[in-house]
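Below is a short briefing on helix packing and salt bridges.

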Amino acid sequence: MSKTALLLKELEQARREKNQKAEHLLQSELGKEFFSSGDFFHAIKFYNDALDTAHRVGGRKAEYTTLSHLGNAYAELNELQDAINYYNQALAIARQSNDHDLEGNALSNLGNVSAELNDLPKAI
C-alpha cells in the first residue's frame, strides 16, 4: 500500500472518530505528499481542507503553516498573486502571535515571490 493510500485510510478513520486534530495532521501530510510529487492541484485541495479543520480546532500555528503551504503550492503553479495572498495571511498570524521566526519566514516567502514578479522594492 502506498504512503498516500495509507494516509487516506487513516484520514477516513480520524473522520469516523471525529478526531479533528488527527484529521488536520493527515490532511496536511496528504498535501505534502501531493506537493512533493508535483501534483499541486491535489496538494491545494488537501491544504484547503487542512485550513478549514485548523479554523475549527483553533490552532493559529496550524493555520499559519497551512497558509504557507498553500502559498508555496500557488507559487509552484506560478499563480503568484494567490501565493502573495496566502503569505500575507500567514504573516498576519505570525505578527498577531508575536512569533518573529514565523514572521521572518513569511517575509522571506513574500520577498521570493516579489522578486519573481520583478518587484524588487517589495522583495527587499
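Predicted model: local features only at pLDDT ≥ 70, side-chain atom pairs only at ≥ 80, totals over all residues.

Residues are numbered from 1 along each chain as its sequence is written, and side-chain values use heavy atoms, with hydrogens and water left out.

**Packing of helix 2 and helix 4**

- The axes of helix 2 (residues 20-36) and helix 4 (residues 60-76) come within 11 Å and cross at roughly 20°; helices are DSSP runs (H or I, at least four residues) numbered from the N terminus.
- Axes are lines fitted to C-alpha atoms, for helices over the stretch in contact, with angles from 0 to 180 degrees between N-to-C directions.
- Helix 2 and helix 4 are therefore roughly parallel to each other (angles under 35 degrees).
- On the helix 2 side the contact is made by His24, Ser28, Lys32 and Phe35, and on the helix 4 side by Ala62, Thr66, His69, Asn72, Ala73 and Glu76 (contact means heavy atoms within 4.5 Å).
- These contact residues divide into three nonpolar, five polar and two charged; Ala, Val, Leu, Ile, Met, Phe, Trp, Tyr, Cys and Pro count as nonpolar, Asp, Glu, Lys and Arg as charged, and the others, Gly among them, as polar.

**Salt bridges between helices**

- The count comes to seven salt bridges, each a side-chain nitrogen of Lys or Arg within 4 Å of a carboxyl oxygen of Asp or Glu.
- Lysine 3 pairs with glutamate 33 in a salt bridge, with the closest N and O atoms 3.2 Å apart.
- This pair links lysine 3 in helix 1 (residues 3-16) to glutamate 33 in helix 2, 30 residues apart.
- Arginine 56 and glutamate 23 meet in a salt bridge at 3.8 Å, N to O.
- Arginine 56 lies in helix 3 (residues 40-57) and glutamate 23 in helix 2, so the pair ties together parts 33 residues apart in sequence.
- Glutamate 23 is buried at 10% relative accessible area, whereas arginine 56 is partly exposed at 48% (buried is under 20%, exposed over 50%, partly exposed in between, with a 1.4 Å probe and protein chains only).
- Arg15, Glu23 and Arg56 are linked in a network of salt bridges.

- Aspartate 49 forms a salt bridge with lysine 45, the closest N and O atoms lying 2.4 Å apart.
- Both residues, aspartate 49 and lysine 45, lie in helix 3, four residues apart, about one turn of the helix.
- Aspartate 49 is buried, at 18% relative accessible area, and lysine 45 is partly exposed, at 40%.

Technical notes:
Helix = DSSP H or I, 4+ residues; strand = E, 2+ residues; numbered from the N terminus. Parallel < 35°, antiparallel > 145°, perpendicular 65-115°, else oblique.
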